[in-house]
Amino acid sequence: MASFSGNIIDIFNRRIYPGTVHFNHGKVTAITEEDAVYNHYLLPGFTDAHIHIESSMLVPYEFARIALLHGTVATVSDPHEIANVCGMKGVEYMIENAKDAKLKFNLGAPSCVPATAFEPAGPTLTSEDVALLLSRPDIRYLSEMMNYPGVLFGDSEVMKKIEAAHKLHKVVDGHAPGLRGDDARKYIAAGITTDHECFSLEEALDKVNAGMKILIREGSAARNFEALHSLITSHTAMTMLCSDDKHPDELLNGHLNQLVVRALKNGHSLFDVLQCACVNPVLHYGLSVGLLRVGDPADFIVVNNTEQFKVLQTWINGECVAKDGHTSLTNRSHAPINNFYAWHVSVQDVEVKKNSASVKVIEALDGQLITNCIRAKPLEKDGLWVSNPENDILKIAVVNRYSKQKPVVGFVKNFGLKYGAIASTVAHDSHNIIVTGVSDADIVEAINLLMQSGGGLSAVSGGDKKVIALPVAGLMSDRSCEEIGHHYANIDNMAKQMGATLRAPFMTLSFMALLVIPHFKIGDKGLFDAVKFELTTLE
């Protein structure tokens, strides 16, 4: 029998009182109220309602080592990224790596591998594969159903995946950016329960009124908190908080604890905020995560006060797993897993002939996954289109990482590079190599550096080069958050010294290949009109 005392934040009864939580064999056995004075607070830990662990560039065990320090006790995690690279073996890798990490990773069965039929570069998970995953007790839900056109048109494979989840009474997550009106209601009526892709309050309210729960996302690139945070008060029971994609340098500073403080500073009630950050994800997904109730797992955190939310301790299943900036998790090695076919490209591979007076250009938007399609003029040189850094029209290319194919080349605006190039194998969702830059020579060098390292991030500016190798599927490092976060901050800083104006240039670059997000993207098969859901041309 063990116990811990402090000011208990009772979210369900919306009160704070001094008391003691008693627990035995990992379960809360009693909670007693006392006449005492304490200078710290006990409350349920935070649950990230939707995150791709891969986007932290950390394997689950290393993610846990940093997230536990910030009071995160659980995640609802979609292993969609590694599944697109390594298939079922990738999902198995995440399950195994997370086993001894203390933090409660709740993994889903990826619903869209590949995300669309227009980018079938890596493995495929069929409806039979998804049903097999869903039958496992350690797979808690069907991950985001990105193929919303497939839902609307009743695609048989899509519907089989949804039916498999419903048959096992497992939740189905959504992903339908910009979907409104009758289409949104039809999508929701298929049994899809959440969406983390709303970028306007009007869209969110439209979906809430049709019965869908909204996850307010604040990640490293996509940042929707400002647009949506009023839901915390107006629709508390229908709202959760998530990060979706979070880079390691930002994880060093905080996780959902930062979003809780921000919501409080925006004037939201403490209990409303904590219901969204702690309670709603656990109840919605049916997680085995404690909420400071008798009979629950003894999961809780200790914070200094209800304004700063500095996390002093994190407890999971009655064990103190983090205290005073240190976790109980030991250092350990992590085996790599990958699927990468390396071949070098030349300058000729990324040349674009001038065939028209102007071209379609992807307009990237800072803090958003959506893009626009505009027309603009790159520079002309010897009958070729090249980057026009003066007008911020840069060449962008995707190189298939799974087989030798000719790169697809287009143009992008708003990255701001004045010289050099940046490249990444973190390129949602198929995770081919994506690159943008000023000179063709630097673009090719940035690509080939990743070919040599088996995947990662690169930045090139003449003779100056930086590479972060990501040996786990070209998505994750086998190092600690402190180490990879330091290297990421350096390469991010290099990109900004080269002129990048975006808050997170590498993260934004990774989403330029995300074909399921409107309006204009680039994949290994060509430029893509995400509104018409079809390939299109540069001219």
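Which residues in H1 are buried? In this predicted model, the list runs Pro60, Tyr61, Glu62, Phe63, Ala64, Arg65, Ile66 and Ala67.

## Helix H1

H1 covers residues 60-67. Eight of its eight residues are buried, so the helix is largely enclosed by the rest of the structure. Glu62 and Arg65 are among the buried residues.

An α-helix has 3.6 residues a turn, so residues three or four places apart point the same way. In H1, burial takes in every residue, eight of eight.

Lys395 sits in strand E22, which spans residues 393-399. Is this lysine buried or exposed? Lys395 is buried: its relative accessible area is 1%. The cut-off for burial is under 20%, so a value of 1% qualifies.

What does the side chain of Lys395 contact? One partner is the side chain of Asp440, through a polar contact of 3.1 Å. The backbone oxygen of Trp385 is also placed 3.5 Å from a polar atom of the Lys395 side chain.

## Cis peptide bonds

Two peptide bonds deserve a look. From Val113 to Pro114 the bond is cis, and omega is near 0°. Pro114 belongs to the loop that links strand E7 (104-109) to helix H4 (127-134).

Which residue is joined to His428 by a cis peptide bond? That residue is Asp429, and omega is about 5°. Asp429 is found in the loop between strand E24 (421-424) and strand E25 (433-437).

Asn317 is not a glycine, yet its phi is positive, at about 50°. Where does Asn317 lie? It occupies the loop between strand E14 (311-316) and strand E15 (319-323). Asn317 is partly exposed, with 40% relative accessible area.

Ala473 is not a glycine either, and its phi is positive at about 65°. Its loop runs between strand E27 (464-469) and helix H15 (481-497). How accessible is Ala473? Its relative accessibility is 0%, so Ala473 counts as buried.

## Summary by site

- H1: eight of eight residues are buried.
- Lys395: buried at 1% relative accessible area, with a 3.1 Å side-chain polar contact to Asp440.
- Val113 to Pro114: cis, omega near 0°.
- His428 and Asp429: cis, omega about 5°.
- Ala473: phi about 65°, buried.

Definitions and conventions. Residues numbered from 1 in each chain as written. Predicted model: local features only at pLDDT ≥ 70, side-chain atom pairs only at ≥ 80, totals over all residues. Heavy atoms only, no water. Buried < 20%, exposed > 50% of the residue type's maximum accessible area, 1.4 Å probe, protein only. Helix = DSSP H or I, 4+ residues; strand = E, 2+ residues; numbered from the N terminus. Polar contact = N/O pair within 3.5 Å; in protein donor to acceptor, adjacent residues only side chain to side chain.
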